[in-house]
Amino acid sequence: MSNTAKSRSSASPNEPAPPPEARGAQESGGVIAVTRALQVLEAFALGESSLPLAELSRRCGLHKTTVLRLARTLAQSGFMVQREDGDWRLGPAAGWLGARYQAGFDAQNVLEPALRELSRVTGESAAFYVREGQVRTCLVRVEGPQGLRHHARMGEGLPLDKGSPGRVILAFSGEPGRAYEEIRKKGYYWSIGERENGVATVSAPVFGMHWRLMGSVCISGPESRLPAEKLEALAPTVIAAATQLSYALAGKTAAPSQGPVRATHWHP
């Protein structure tokens with residue numbers, strides 16, 4: 001009997017077919033158990049404090065016994081915790097993992113102070129975005145002093161081709177096209193309602209050593225307060241903040257020298 005046949009015969013008849021993510025991991029040589037464990041962790045949406053086992057099973061497309069086994073294994077390392085009512089929540093190890101991810105970007109020592117100053121000068125919320133594969137994610141954000149402001153979710157994957165932070169990252173990663181050539185020429189980009197209706201942003205690129213693109217810095221707010229002319233007026237301030245961040249991340253006190261643009265990667 002072939003290995004495939006053995007695998008099929010040993011599977012539980014009540015076990016649903018593996019979801020596309022697990023099948024993809026199997027086909028690409030990944031470890032299915034790890035893929036499934038990550039599915040369980042990723043089942044929690046932002047703002048959800050806990051989920052019952054049945055809901056975790058539904059969202060992951062896995063049998064409840066499989067999810068329970070995975071959850072108990074994750075709990076042994078502190079990535080999940082079972083509450084007294086039987087529901088499950090993310091554990092402290094998950095938060096610590098996120099903290100270590102942010103620490104790898106000098107978030108506290110470099111990014112946050114720079115964004116706080118940019119927010120103070122412009123009166124708007126300031127954020128720093130990085131590229132993760134084919135999406136962008138907000139790594140650090142400082143809320144502006146205004147009562148009416150745009151709220152971004154930390155860590156949420158957002159499209160690169162909608163909104164000024166992603167457009168800037170694409171442009172300075174070498175994306176072809178007249179629109180991106182124009183962004184490279186100007187050194188910034190602003191957008192109104194491109195990803196969210198009524199939201200206006202203006203962004204500029206941040207570089208590290210050897211002219212390596214690190215991400216984009218932006219300010220954001222409601223369109224009513226940030227019309228096109230105001231965004232144009234604030235663009236030099238955002239560029240200046242991006243330049244200072246580039247100095248700090250490159251460990252220099254002078255502007256990075258001009259050179260060829262390289263794709264964005266934080267780690268070698």
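Predicted model: local features only at pLDDT ≥ 70, side-chain atom pairs only at ≥ 80, totals over all residues.

Me: How are helix 4 and helix 5 oriented to each other?

Reply: Helix 4 (residues 53-60) packs with helix 5 (residues 64-76), and their axes are 9 Å apart. The angle between them is about 105°. Helix 4 and helix 5 are therefore described as roughly perpendicular.

Me: Which residues of helix 5 make that contact?

Reply: Helix 4 contributes Leu53, Ala54, Leu56 and Ser57. By class, the contact of the two helices has 5 nonpolar, 1 polar and 1 charged residues. On the side of helix 5, the contact is made by Lys64, Val67 and Leu68.

Me: Which are the edge strands of the open sheet?

Reply: The sheet has 6 strands with antiparallel pairing, in the order 5-4-3-8-7-6. An edge strand pairs on one side only. That describes strand 5 (158-159) and strand 6 (189-192).

Me: What is the bridge partner of Thr201 in strand 8?

Reply: Strand 7 (residues 199-207) and strand 8 (residues 213-222) run antiparallel and are joined by 9 bridges. For Thr201, the partner in strand 8 is Ser220.

Me: At what angle to strand 7 does helix 10 run?

Reply: Helix 10 (residues 228-250) lies across strand 3, strand 6, strand 7 and strand 8. Helix 8 (residues 164-171) also lies across several strands, including strand 4 (135-142), and runs at about 30° to strand 7. For helix 10, the angle to strand 7 is about 30°.

Key: Residues numbered from 1 in each chain as written. Heavy atoms only, no water. Axes fitted to C-alpha atoms, helices over the stretch in contact; angles between N-to-C directions. Helix = DSSP H or I, 4+ residues; strand = E, 2+ residues; numbered from the N terminus. Parallel < 35°, antiparallel > 145°, perpendicular 65-115°, else oblique. Contact = heavy atoms within 4.5 Å. Nonpolar A, V, L, I, M, F, W, Y, C, P; charged D, E, K, R; others polar. Pairing = 2+ DSSP bridges.
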